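I opened my notebook to a new page for this one.

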Amino acid sequence: MASSGNKNINAKLVLLGDVATGKSSLVLRFVKGQFVEFQESTIGAAFFSQTVAVNDATVKFEIWDTAGQERYHSLAPMYYRGAAAAIIVYDITNQASFDRAKKWVQELQAQGNPNMVMALAGNKSDLLDARKVAAEEAQTYAQENGLFFMETSAKTATNVNDVFYEIAKRLPRLQ
Ligand code: GDP
């Protein structure tokens, strides 16, 4: 737990990734501890906030959950510019969503804040039987591109808080 006299920082965080990879579900799990089977599509983007205690600091994440549809692509820079962190989400049962995640990584590397903490989240890790993307492949890609990688499940809550905690730990302002 954070103690008194600690550092309080705000960190803008953006979620990017294909539609239906589980971005909204990850946010709902992290912010409210809930999961719904039929999550409605996000229109444009939605805003949430949640705090995480790390060592002697409290990080208040200001979370922008973006819509994955291509028609909203031109809006994305508005959300990732100035962001301290990004979670790029793909669905482990969908190869195309992994390819799309790599495109987001390239775009952030070219146009995002150079100090941005980037996480690659392979979501729906509960659907092991339908897996299309090997964890090893994603791990290697992440390592080569300076991201950290975790497989998550918004459904079972596996690794969801952990992704946000790991990001908080890596924020340059806490180093
Ligand atoms: P978004 O478009 O990326 O925000 O994706 P949503 O959060 O709307 O999720 C798309 C669908 O995948 C919904 O039906 C969710 O219930 C489902 N979903 C999201 N996360 C998971 C997960 O971790 N496991 C499983 N089995 N389904 C998930």
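Which residues are linked in a network of salt bridges? I looked that up to begin with, keeping in mind that this is a predicted model. The network joins Glu166, Lys169 and Arg170.

**Entry: salt bridges**

I asked for the total and got five salt bridges in the structure. Then I went through some pairs by name.

Glutamate 37 pairs with lysine 155, and their closest N and O atoms are 3.7 Å apart. I checked where the two sit: glutamate 37 is in the loop between α1 and β2 (45–54), while lysine 155 is in the loop between β6 (148–151) and α5 (160–170). That is a link between distant parts of the chain, 118 residues apart. I also wanted to know how open each partner is. Glutamate 37 has a relative accessible area of 52%, so I put it down as exposed. Lysine 155 comes out at 41%, so I noted it as partly exposed.

Next I looked at aspartate 91, which forms a salt bridge with lysine 124, the closest N and O atoms being 3.3 Å apart. Aspartate 91 belongs to strand β4 (residues 85–91), and lysine 124 to the loop between β5 (117–123) and α4 (135–144). They are 33 residues apart, and this pair too is listed as linking distant parts of the chain. Is aspartate 91 buried or exposed? Its relative accessible area is 6%, and buried means under 20%, so aspartate 91 counts as buried. Lysine 124 is partly exposed, with 23%.

Arginine 131 was my next stop. Its partner is glutamate 151, with 2.8 Å between the closest N and O atoms. Arginine 131 lies in the loop between β5 and α4, glutamate 151 in strand β6, and the two are 20 residues apart. I found arginine 131 partly exposed at 29% relative accessibility. Glutamate 151 has a relative accessible area of 15% and is buried.

**Entry: the largest pocket**

On to empty space. Rolling a probe the size of a water molecule over the atoms shows where empty space is left.

How much space lies in the largest pocket? I got about 420 Å³. I counted 24 residues in its lining, and Ala20, Gly22, Ser25, Gln39 and Lys124 lie nearest the centre. Two elements give two or more residues to the lining, α1 (23–32) and β3 (57–66). The largest share comes from α1, with three residues. I sorted the lining by class and found seven nonpolar, ten polar and seven charged residues.

I searched the whole structure and found two cavities of 30 Å³ or more.

The largest cavity has a volume of about 70 Å³. Its lining has 13 residues, with Ala67, Tyr72, His73, Ala76 and Trp104 nearest the centre. At least two lining residues each come from α2 (76–80) and α3 (95–111). I noted six nonpolar, five polar and two charged residues there.

The second largest cavity holds about 40 Å³. Which residues line the second largest cavity? I wrote down Leu26, Ile87, Ala121, Thr152, Val160, Val163 and Phe164. The most comes from α5, with three residues. By class, six are nonpolar, one is polar and none is charged.

Key
Residues numbered from 1 in each chain as written. Predicted model: local features only at pLDDT ≥ 70, side-chain atom pairs only at ≥ 80, totals over all residues. Heavy atoms only, no water. 1 Å grid on protein atoms, 1.4 Å probe; cavity = no way out; pocket = protein on both sides within 12 Å on 5 of 7 lines; lining within 4 Å. Points joined across faces, edges and corners; volume = space filled by probe spheres on them. Helix = DSSP H or I, 4+ residues; strand = E, 2+ residues; numbered from the N terminus. Nonpolar A, V, L, I, M, F, W, Y, C, P; charged D, E, K, R; others polar. Salt bridge = Lys/Arg side-chain N within 4 Å of Asp/Glu carboxyl O. Buried < 20%, exposed > 50% of the residue type's maximum accessible area, 1.4 Å probe, protein only.
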